[in-house]
Amino acid sequence: MNRSTSTALVVDDDEAIRQMLMAVLTKAGYVVTTARDGMEAVAAFSTQRPDIVLMDIRMPNMTGLQALAEIRRIDRAATVILMTAYAEVGTAVQAIKDGAFDYIIKPFDIEEVMLLIGRSLQMRTMRDDIAALQRELSASYRMDRILTNSPKMLSLLQMVAKVARSNATVLVTGESGTGKEMIASAIHYNSTRSNGPFVKINCAAVPEGLLESEFFGHEKGAFSGAVSRRSGRFEQADGGTLFLDEIGDISASLQVKLLRVLQEREFERVGGDKLIPADVRIVVATNRNLEEMVRQNLFRQDLYFRLNVVTLRTVPLRERPEDVRLLSSHFLQRFASENHIDVDGFDQNAVECLMRYSWPGNVRELSNAVERAVVMSTGGLVFAEDLPENIRCGLEEGSDLTVTTEPDDRDKALRDLISDYEARVIADALTRNGGNRVKTARQLGISRRSLLYKLQEYELT
């Protein structure tokens, strides 16, 4: 949780304490409000929902304990720290059993207060992360979320179903944009660990000096900037699955440590000496050739063997052409909804462009192209002119866009017949509407811009 956006409510009938705590917390970057008693505290909490409540126990009108009960009725997850005299410690301990986070004894050390507040916010952040994870789990990622009509993809999903039942380490290989993370998700959510966490990390996206800490966590003071203990991805994935994407990008020293974890099933935090058990199922992915990296001494052979228990290769889009139309329709509906654009489908010429293109960027490139086309369209149908130029020409980016391919004579004759018929329909509609292009476009169910494009294409006036 970002401290600069954290909010605090200070509750005490002693104005001097209120002002002092408000000044200290404000200086530390918190947004602070105050209340003089329990009744004001409950009212303030119900409208503001602060991240942290710092509240005295003994106050007039409504005590801190009574206010705690009311606040907990409003929000069971509320974080409340109580302030109490030494003689009331027993009462404060009972309050913790009733839902308070902790207590401090007056007169207190302000440093102790700040440490306690910081710890409470860390716990709140962790609780929110767990709640988000549970929501993700409740969505129940299933393999039916992977859209395909391709025999190759169906064969891959059959292998995923078999692998998911085991605890074997899985290596997912394939080109960028082919859905390696989706395969890893399908393995986890169809496994016996599906109720555990699914934790993922892109090894190429984390600076090399921080990756070990990301993997294993660190102890306070382990290195400059390590102001508190932090759990790593192996701890976070306990009882579940850890997905290490772009595994071919980790350093030689980290390869050694990862190998040890896979062999011993335990690890140490950076700067620590306590062995922590690793009850984690490992799925790794890469678009690099690990065998070639092993031959070049860029990747440890023993680690490769440990990771390569089961290998699954994702299928590039050019090898599953039957999925281009299916995925294009899916993305069109999704992006049309997200952008509030009324689009019904693709014009036949646009479909031909999509089917002719080789998709070197795979499903990710297809998604981007369809999103661009939806945004560029003005409703009705998506036309070829709405697609990126290289896709309209059937060429990979960087190719000579002047290159063309001669269509089959029969296909050309059929397209000419369709074009002639379409031109007559548009001309008739234009005549019926007295040349009014807006009415004509509406009657034909296309956008005005698309109508203008067709009038130009068929040289209609």
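**View 1. R233 sits in helix α9 (residues 233-236) of a predicted model.** Residues are numbered from 1 along each chain as its sequence is written. Local features need pLDDT of at least 70, side-chain atom pairs count only at pLDDT 80 or more, totals for chains, interfaces and linings use all residues, and side-chain values use heavy atoms, with hydrogens and water left out. Helices (H or I, at least four residues) and strands (E, at least two) are DSSP runs, numbered from the N terminus. Is R233 buried or exposed? R233 is buried, because its relative accessible area is 18%; buried means under 20%, exposed over 50%, and partly exposed in between (1.4 Å probe, protein chains only). Neighbours within four places in sequence aside, R233 touches V199, K200, I201, E214, F215 and L242. Contact here means heavy atoms within 4.5 Å.

**View 2. F234 belongs to the residues with the most contacts inside the largest nonpolar core.** Such a core is a set of buried Ala, Val, Leu, Ile, Met, Phe, Trp, Tyr and Cys residues joined through side-chain atoms within 4.5 Å. Elements giving two or more residues to the core are β7 (198-202), α8 (208-216), β8 (241-245), α10 (252-264), β11 (281-286), α11 (290-295) and α12 (301-307). Helix α10 gives the largest share, five residues. With neighbours within four places in sequence left aside, F234 contacts F215, F216, L242, L258, V261, F267, A278, V280 and I282. Another core, of 25 residues, lies apart from it; A350, V351, C353 and V370 are among its members.

**View 3. Strand β11 is covered on both faces.** Six of its six residues are buried. R281, V283 and A285 lie on one side, and I282, V284 and T286 on the other. In a regular strand the side chains alternate between the two faces of the sheet. Which strands pair with β11? β6 runs parallel to β11 and is joined to it by four bridges. β8 is also parallel to β11, again with four bridges. Pairing requires at least two bridges found by DSSP between two strands. T173 stands opposite T286, and T241 has R281 as its bridge partner.

**View 4. Helix α6 (residues 151-164) has a buried side and an exposed face.** Its 14 residues reach 20 Å from first C-alpha to last, close to the 20 Å expected at 1.5 Å a residue. The expected span is 1.5 Å times one less than the number of residues. M153, L156, L157, V160, V163 and A164 are buried. They cover an arc of only 120 degrees around the axis, so they fall on the same side of α6. That arc is taken from the directions from the helix axis to the C-beta atoms. The face turned away carries the exposed residues P151, Q158 and K162. The buried residues pack against β6 (170-173), α7 (180-189), β11, β12 (310-313) and α13 (322-338). At the start of α6, a side-chain oxygen of S150 comes within 3.2 Å of the backbone nitrogen of K152.

**View 5. M20 is found in helix α1 (residues 15-27).** M20 is partly exposed, because its relative accessible area is 33%. Apart from neighbours within four places in sequence, M20 is in contact with F108 and I110. M20 and I110 are 90 residues apart in sequence but 9.7 Å apart in space, C-alpha to C-alpha.

How values were computed: Polar contact = N/O pair within 3.5 Å; in protein donor to acceptor, adjacent residues only side chain to side chain.
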